[in-house]
Amino acid sequence: ELTSLVAGSLMTLVEKDGIDPRLLASLRVHLDWLQYSANFREPLVVRRTIDGLGRPLPLAEIAIDLRQADPDRLVEGLAGALKTIGSADDRDGRVMLDDFRPLRESLIWRFNHLFWERVGEWESASGRGFEAALPGGKSDANDPQAVADTVADFYRLLDDLAGHGQLPNEIYGLEIGVGSGEHPRLWLDAFKALDDRHGSGYYSKLRYVFGDYSLFTLERARAAVGPHAPLVQLVQMDALNPFKALPSLRFKVLYVHLTNVYDNLIFDEMVRRDGRVYLVEARAYLSAASVERIETDFGVSGAELPGLVGRLLEVGPDVMGDQARGVAFWRGIWGALKLEERLRALDEVDEDHVPPGLTRVHLDDLLAEAPDDVRFHISRGAAESFANTLPLLHPRGSLQVQDIFVSGMEEYRQGFRGPGKLDGSVVTWVNGALLRAVGRRAGYDVHFTPYKYRPGSRTSILHTTQRA
């Protein structure tokens, strides 16, 4: 119904409001349903296109979020959008916090960094742990049956190694992104119970490494595992490069587990329209209405906001003098933050957007299996983390990643895949087809299986097998 309303409104604007019909020849209108209720989009947005030198190109897009759109204001919104397409820069009272840049360099990642660095203060202000923001109010990693099945598979691996005289004296496990610590506690409980039942003595050989950026999170997770704490080693690490933090464990780790880590790492987005490939660039801003609200709530002027936000990202909520007020300011800015987007055409020699370790050829392979008209993620952070985790794996080791994956390029035509906001952090779907390319390069096949333990879950499980 809204599709017909959009088409009819455009015709009306051409016929009655004098909109140049030639504008429609190079205009695309996209209707989306943004499943993240907190996201970076206005109900109706305009995207312009530029070439590699920043010169405008004819193609333009209007994107409408069906979840936010008000049918009664649609004609007015479309009229305003059409009038701004030809203008160089219509800010409409917005306060810009950033310049146009690839999404991997966007200001949103500095907010993401701040969240994980000061997550305790955010949780105190919100009154809930960050995992409560996940679908169902908890992590899929913490389902007892899912954990029991994983432990049983791992135990069979250890039995097989022991039977062939190949079991190491120290059995290393690695949890990257430890969350609340509930998953490793459940895993260790199940592992010890199975070991006690069989009397194999594997538990006494276990060395479980917790890796996370946040020291606060690491300490909390160790406390959460209770009696298993003596087995735990805390390692502060950047999820993009686990190997750098653990070079001594090369080829030694028998079990690696991650949940909802890859969907929180840097990415780019690319668009293919009419056979041409574009890179999405974005700049962060606050709408005029948001600025007015923040001015009222915090007694600051709109002109001060770019500087205040910059200092917030440098020193944290202490920027406001009073910590509680600073956290409220941080939460208010993050909640209001939006991204304006434009599309920059790529030429054949431009490889800045290619993740480390891959080449333009790999992206051409992805495009070969993609629909003709598509927008998709280049999950460069996930690809980098994955590539830098594989060297830690024992030749018989198991890598299990629970996350929201797009397993094939055609799935990008089936709906919006992010980014969204999850509490104070960024979340987006992960391009599994890209991870397959990374795995092949490292000698691994990558497989995805549905998460079967929660009806309606969008989680998939990535696991690897070494190629013969």
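Colleague: Before we look at the helices, what makes a crossing left-handed?

Modeller: Happy to start there. Picture two helices, one near and one far: the near helix is turned from the far one by less than a right angle.

Colleague: Thanks! Which hand does the crossing of α4 and α12 have in this model?

Modeller: Keep in mind that this is a predicted model. The axes of α4 (residues 108-117) and α12 (residues 323-336) come within 12 Å and cross at roughly 140°. As α4 passes α12, the crossing is left-handed.

Colleague: Good to know. Which helices do the buried residues of α5 pack against?

Modeller: Helix α5 covers residues 119-126, and its buried residues are Val119, Gly120, Glu121, Trp122 and Glu123. After α5 comes glycine 127, with a positive phi near 80°. The buried residues of α5 pack against α4, α8 and α12.

Colleague: Let's turn to threonine 217. Is threonine 217 buried or exposed?

Modeller: Threonine 217 is found in helix α8, and its contacts beyond four places in sequence are Val119, Val178, Gly179 and Asp212. Buried means under 20% relative accessible area. Threonine 217 has 2% relative accessibility, so it counts as buried.

Colleague: And what hand does the β-α-β unit with helix α8 have?

Modeller: Strand β7 (residues 206-212) and strand β8 (residues 232-236) run parallel and are joined by 5 bridges. Within this pair, aspartate 212 stands opposite glutamine 236. Together with helix α8 (residues 215-224), β7 and β8 make a β-α-β unit that is right-handed.

Colleague: Why is one side of β8 and of β19 left without a neighbour in the sheet?

Modeller: The open sheet has 7 strands in the order β8-β7-β6-β9-β14-β20-β19, with mixed pairing. Neighbouring strands are turned by 20° against each other on average, direction ignored. One side of β8 and of β19 (444-450) has no neighbour in the sheet because each stands at an edge, with a single partner strand.

Colleague: Staying with that sheet, which residue in β9 stands opposite glycine 173?

Modeller: Strand β6 (residues 171-176) pairs with strand β9 (residues 253-259) in the parallel sense, over 5 bridges. Opposite glycine 173, the residue in β9 is tyrosine 255.

Colleague: What separates the C-alpha atoms of arginine 94 and alanine 288?

Modeller: Arginine 94 sits in the loop between α3 (74-85) and β4 (95-96), and it is partly exposed, at a relative accessible area of 26%. Beyond its neighbours within four places in sequence, arginine 94 is in contact with Tyr285, Leu286, Ser287, Ala288 and Glu340. Although arginine 94 and alanine 288 are 194 residues apart along the chain, their C-alpha atoms are separated by 4.9 Å.

Colleague: One last pair, then. How many Å apart in space are glutamate 314 and asparagine 169, C-alpha to C-alpha?

Modeller: Glutamate 314 has its place in helix α11 (residues 305-315). Exposed means over 50% relative accessible area, so glutamate 314, at 61%, counts as exposed. Glutamate 314 and asparagine 169 are 145 residues apart in sequence, and from C-alpha to C-alpha they are 45 Å apart.

Note on methods: Residues numbered from 1 in each chain as written. Predicted model: local features only at pLDDT ≥ 70, side-chain atom pairs only at ≥ 80, totals over all residues. Heavy atoms only, no water. Pairing = 2+ DSSP bridges. Helix = DSSP H or I, 4+ residues; strand = E, 2+ residues; numbered from the N terminus. Right-handed = clockwise from strand over helix to strand, strands pointing away. Axes fitted to C-alpha atoms, helices over the stretch in contact; angles between N-to-C directions. Buried < 20%, exposed > 50% of the residue type's maximum accessible area, 1.4 Å probe, protein only. Contact = heavy atoms within 4.5 Å.
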